[in-house]
Amino acid sequence: VFVDGRFVAGLSVLPEQGRVMVGSLAGMWRDEAQRAILESYLDNLPGLEDQPFLALNSALHADGVYVRLRRGAVLETPLEILHVATGEDRASYPRHLLVLEDNAEARVVEHYVGEGRYLCAPVTEIRLGANAMLDHYRYQAESMEAGHLGALRLYLSAHANASTTLLGGGAKLHRTEVAAHLAGQGAHAELRGLALTRDRQLSDYHVRVEHEVPHCTSNQLFKSVLDDQSRVVFDGTIKVHRDAQKTDAQQSSSNLLLSRRAQAQSNPRLEIHADDVSCSHGSTTGFLDKDALFYLRARGIGEAEARAMLVYAFAHEIVDNTRLETLQARLEALLRERLTLAQEDLA
């Protein structure tokens, strides 16, 4: 548990040490032996200096989580990193470092909540060794007065498998920068996102996947449900390097507008420098299907309930891929809350 960016030991439960190491980044930094290891990993992934808020985090971060799984270690229980902001116009810059050595496995949830007006600008660096597997979630449920400007950097070695899901329902301004580097043959990255926006919220995802070597695969699926005067931006790039033959990379962005005042902007891009690849990208933006709505209403279902059913079906593809039951329940509750508000507005 972190409060305003600082680790609170009395509220936290840490796994037993051994082949699995979990602790405060600031605490580990004070240990000379651990500091040498941290220096070899921290701030070494490319692109951290390209974005101003990432650079600001590098300059100002005071604490975060350091997770290191040694070769073959398995974190049996999911690890939840809970960030609580107390408002009062404060800013926090959490910095997390997750290192999974060869054949290690873990499930990690980043959970962000708060009250009042504040800024949270987290950066998470993830390094996966050969055959390592990570199931990662970032659930952003910040105050509607807050700003959340975060980043995620992934580095995958040979046959590593990373699945990360970005879930956003809070914050007046939310932006997440994602960069995945597939640097070992056979690596696979699964990137998903769901944004639920209303009022005048702005949700902004910038995703870049770098296929640097042959025989790697990636899949991106991002969805958003927009109401009122909210806005969503998806800017996604797949870059296939010259030597990355036999690449398989897919990208999809879908936006559902519940209001004619809402705006969705999708910019999917392919940058291909190899000639033996299978790549695709696509984007859709629109309103609820009138034929589907008529079909439900013709069977005695009220308009508000029919609309809610269609929205739930659209968003639930992301929720279904959430393999943690407790997190899935939270998302379903948030989705029901948003649908209830939409029904009240319709009534």
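1. Contact here means heavy atoms within 4.5 Å. With that in hand, look at Leu 69: leaving aside residues up to four places away in sequence, Leu 69 touches Arg 19, Val 20, Val 74, Leu 75, Val 99, Leu 100, Glu 101, Ala 104, Glu 105 and Ala 106.

2. A quick caveat: this is a predicted model, where local features need pLDDT of at least 70 and side-chain atom pairs pLDDT 80 or more, while totals for chains, interfaces and linings use all residues. Numbering runs from 1 along each chain as its sequence is written, and side-chain values use heavy atoms, with hydrogens and water left out.

3. Leu 69 belongs to the largest nonpolar core, 43 residues in total, and is listed with Leu 100, Leu 128, Leu 134, Leu 154 and Leu 156 as having the most contacts inside that core. A nonpolar core is a set of buried Ala, Val, Leu, Ile, Met, Phe, Trp, Tyr and Cys residues joined through side-chain atoms within 4.5 Å; buried means under 20% relative accessible area with a 1.4 Å probe, protein chains only. There's also a second, separate core of 23 residues, with Val 225, Val 311, Phe 314 and Leu 339 among them.

4. Of the contacts between residues at least 6 apart in sequence, 84% join residues at least 24 apart.

5. As for secondary structure, the chain has 6 helices and 21 strands, taken as DSSP runs (helices H or I, at least four residues; strands E, at least two). The C-alpha trace spans about 70 × 55 × 35 Å along its principal axes.

Note on methods. Buried < 20%, exposed > 50% of the residue type's maximum accessible area, 1.4 Å probe, protein only.
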